[in-house]
Amino acid sequence: MYKICSLFAGVGGIDLGFLETNKCEIVYANEFDKYAVETYEKNFNTKVDCRDIHDVKLNEIPEFDIMVGGFPCTSFSVAGYRKGFEDDRTGDLFFEMERIFKERKPRVIFLENVKNLVGHDKGNTFKTIIERLENAGYKDKIKCQVLNACEYGDIPQNRERIYIVAFRDKEDYDRFQMPLPTPLDKTIKDVFNFETKVDDKYYYTEGKYKGNIYRLLTEEMDDDNTVYQWRRKYVRKNQSNLVPTLTANMGEGGHNVPLIKTKFGIRKLTPIECFYAQGYPKYYKLPTDMSDARLYKQAGNSVVVPVINRIAENIMKALN
Ligand SMILES: C[S@@+](CC[C@H](N)C(=O)[O-])C[C@H]1O[C@@H](n2cnc3c(N)ncnc32)[C@H](O)[C@@H]1O
């Protein structure tokens, strides 16, 4: 079994993709959002270290072979780090990963992030990440690629993410390749529940919301093979049979949860459906007493599990 150290673990999407290879175990997971930790611990045997990663000392992390993490990028600020803002505990989260891999030199480092990481801060952010990996001993042993979930994970979501895999040993690197595209066989009908009624709170009905939203929705939403979005004043129709990229701010302000038309009416996706749109398996459990807002955020923050799993399978082949 390869031992995994999972940072910024969230609700464990990356962990799940690796565990499903049956060749790994999570020996350490860190995540400081107590609600995400609650969801995580409902599904995994690992007890999460829920301290801020800055407060974790190196000798508190057990031995591991593989480090994984989708570090928060929104706040990434190389400039802030360079200037040494001591009170900035959000802009330097990649450097917290570096602090650990620099010393521990794991056999594999797996990073996931938004596609825009490459262009962030005129390319400086990405350049810095690669340089730091190289300086830690991973030079010429790094593969990275942007993969869209609908092309690489058989999941009908348009979600492009960058995956960076760094190897300590050249032989492992040489044996590794990113997964090849795979046909999209799953449809939104396989992912969402069109046949059963869900809780009334998810449906749009006449007079439930201010203004003429309901009328606009019923006029525009004529296709039950499409996922729609309400955008302040208009209804946006997405590409047929694809879920738009789920985001962490779904359900907040103008960022609405995607909508579908079912025989029971027009409704929002439920939180568990958002997890399914990320490729989570049916056995994954959500806490029953947590607010929808928190669960939508957790789903939107997470990853497409089958894409992670396909990369993890290739990593396992490379290590064997
Ligand atoms: C993009 S999400 C990762 C989600 C994860 N890959 C998943 O599948 O759910 C980043 C996570 O980092 C956590 N985080 C941010 N700052 C942190 C810190 N200083 N210490 C520990 N966790 C932190 C956030 O709470 C969030 O859950």
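Analyst: Strands are DSSP runs of E with at least two residues, numbered from the N terminus, and two of them pair if DSSP finds at least two bridges between them. Here strand S1 (residues 2-7) and S3 pair in the parallel sense, over 4 bridges. This is a predicted model, in which local features need pLDDT of at least 70, side-chain atom pairs count only at pLDDT 80 or more, and totals for chains, interfaces and linings use all residues. Residues are numbered from 1 along each chain as its sequence is written.

User: Which residue stands opposite Met-67 in S3?

Analyst: That residue is Cys-5.

User: How many bridges join S3 to strand S4?

Analyst: S3 and S4 (residues 108-114) are joined by 4 bridges and run parallel. Within S4, Leu-111 is the bridge partner of Gly-69.

User: Are the faces of strand S3 covered or uncovered?

Analyst: A residue is buried if 20 or more other C-beta atoms, placed from the backbone, lie within 10 Å of its own; 12 or fewer make it exposed, and values in between partly exposed. Both faces of S3 (residues 66-69) are covered, with Ile-66 and Val-68 buried on one side and Met-67 and Gly-69 buried on the other.

User: What percentage of the residues of the protein count as buried?

Analyst: Of its 320 residues, 38% count as buried.

User: What are the dimensions of the box that the C-alpha atoms fill?

Analyst: Taken along the principal axes, the box is roughly 60 × 45 × 40 Å.
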